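Please open the structure in your viewer and keep the selection panel at hand.

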Amino acid sequence: MKTLFKISFLLSGIIIVSSCFGVKKLEKPQVTVSPLVNATSIKEGSVAYALPRSIFTIVAEMERTIEIPGPYARYAGDLLGLDKIINNENEFWTIESISVTTTEELDPSEFYIIESNAIFQTNILSLKNEGLILDINSDKFDSDHRSGLDKKGARQFQSFDLGSDEYFLMQRDTAYKRVAIDSAFIRIPYIVEKKKKLTLEQLAEKAARRLMEMRDGKHLILTGEANVFPQSDAALLEMNRLEKEYLELFAGKTVKERRTFTCNLIPAKDMTGKQVALFQFSDKTGPVTGTSKGGLPVNIEFTPEKKIKELTIVRRPVSESASEGTLNDKIYYRVPDVVNVKISLG
């Protein structure tokens, strides 16, 4: 009986000792997250990420109108009876519409590094697709305010065609030359032809006569009195185009073009509740950027709705035995808020 008790006691002692050797205390993986500011080296297997920021793209659609007086403006009343014509060259700008879009990009001042003493899993591929991985070309995100003016649908200006079939007249004069015959001199006449440029009044009279002839011909076609009747409207369309060009010689022409002004703005905390000038706008010269004076300022104002003002941050309790290094195992992130954007002129 004593022998059996000794054997069982020996076996239990072996099991207890074996269990003590089999259980080994595993160290917890330490993950540290720190700002990437003064880091001179990054450990292998670390992950660098950046916080996103919002960028506003403001696109203003503008229309530029240029009024150009015709070369025969002074004769419009006498030759055609026109009184409402363009006498001086003018330029007008109007804002047709303004659109605002928002996009996300990485903030070059908010880079962080995740380091660990063990292998850890992360959705690094998803971060890379979203552009939140450390980029070697981060300098392109440094500018906070970018603007530009682009042409959209602009029509090239075409100078006036004076609309005359001839611009010179051949003037004939009789000249004489002296020829010596024996002891006497005689005068022999000869014809001299010179080109004489038509005056502006003569050119205007020719253009007005051509305009009235064109209107008479179109009237004959429309009333069916013409000898040759066109088979399509191509002839009438061409006559309308020519009539418009001849009329512009007296009444002037108006040229319109579309312009697109694009401005990128990155909002900052100190912009809240304040009017921030995007650019200056004048109805005479259009958009003006920089420190140039002129026109009225186009301002943008951000009013947050403060939907996250009641956000409660739950902090993990730290034990007394925890070291200072374990306090850096937090992920830095940003919680977006909704803002109302108001753009005003003046």
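Is Phe261 buried or exposed? Select Phe261: this residue is buried, with a relative accessible area of 2% (buried means under 20%, exposed over 50%, and partly exposed in between, with a 1.4 Å probe and protein chains only). Before continuing, note that this is a predicted model, in which local features need pLDDT of at least 70 and side-chain atom pairs count only at pLDDT 80 or more, while totals for chains, interfaces and linings use all residues. Residues are numbered from 1 along each chain as its sequence is written, and side-chain values use heavy atoms, with hydrogens and water left out.

**First stop: aromatic pairs**

A search of the whole structure finds 4 aromatic pairs. Rings of Phe, Tyr and Trp (its six-membered ring) pair if their centres lie within 6.5 Å; planes under 30 degrees apart count as stacked, over 60 as edge-to-face and the rest as tilted.

Select Phe56 and Phe302, a tilted pair with 5.0 Å from centre to centre and 55° between the planes. The pair links distant parts of the chain, since Phe56 lies in strand E2 and Phe302 in strand E10, 246 residues apart. Strands (E, at least two residues) are DSSP runs, numbered from the N terminus. Phe56 is buried at 7% relative accessible area, and Phe302 is buried at 5%.

Phe261 belongs to strand E7 (residues 253-265) and Phe279 to strand E8 (residues 275-282), 18 residues apart. Phe279 counts as buried, at 5% relative accessibility.

**Second stop: an open sheet**

Select strands E9, E8, E10 and E11, which in this order make an open sheet of 4 strands with antiparallel pairing. Two strands pair if DSSP finds at least two bridges between them. Strand E9 (286-288) and strand E11 (339-345) stand at the edges with a single partner strand each, so one side of each has no neighbour in the sheet. E8 and E9 pair in the antiparallel sense over 3 bridges; select Ser282 to find it opposite Gly286 in E9.

**Last stop: pocket lining**

Select Ser54, Pro267, Val335, Pro336 and Asp337, which lie nearest the centre of the largest pocket among its 23 lining residues. A pocket is an open set of points on a 1 Å grid over the protein atoms alone, where a 1.4 Å probe fits, with protein on both sides within 12 Å along at least five of seven lines; lining residues have an atom within 4 Å of a point.
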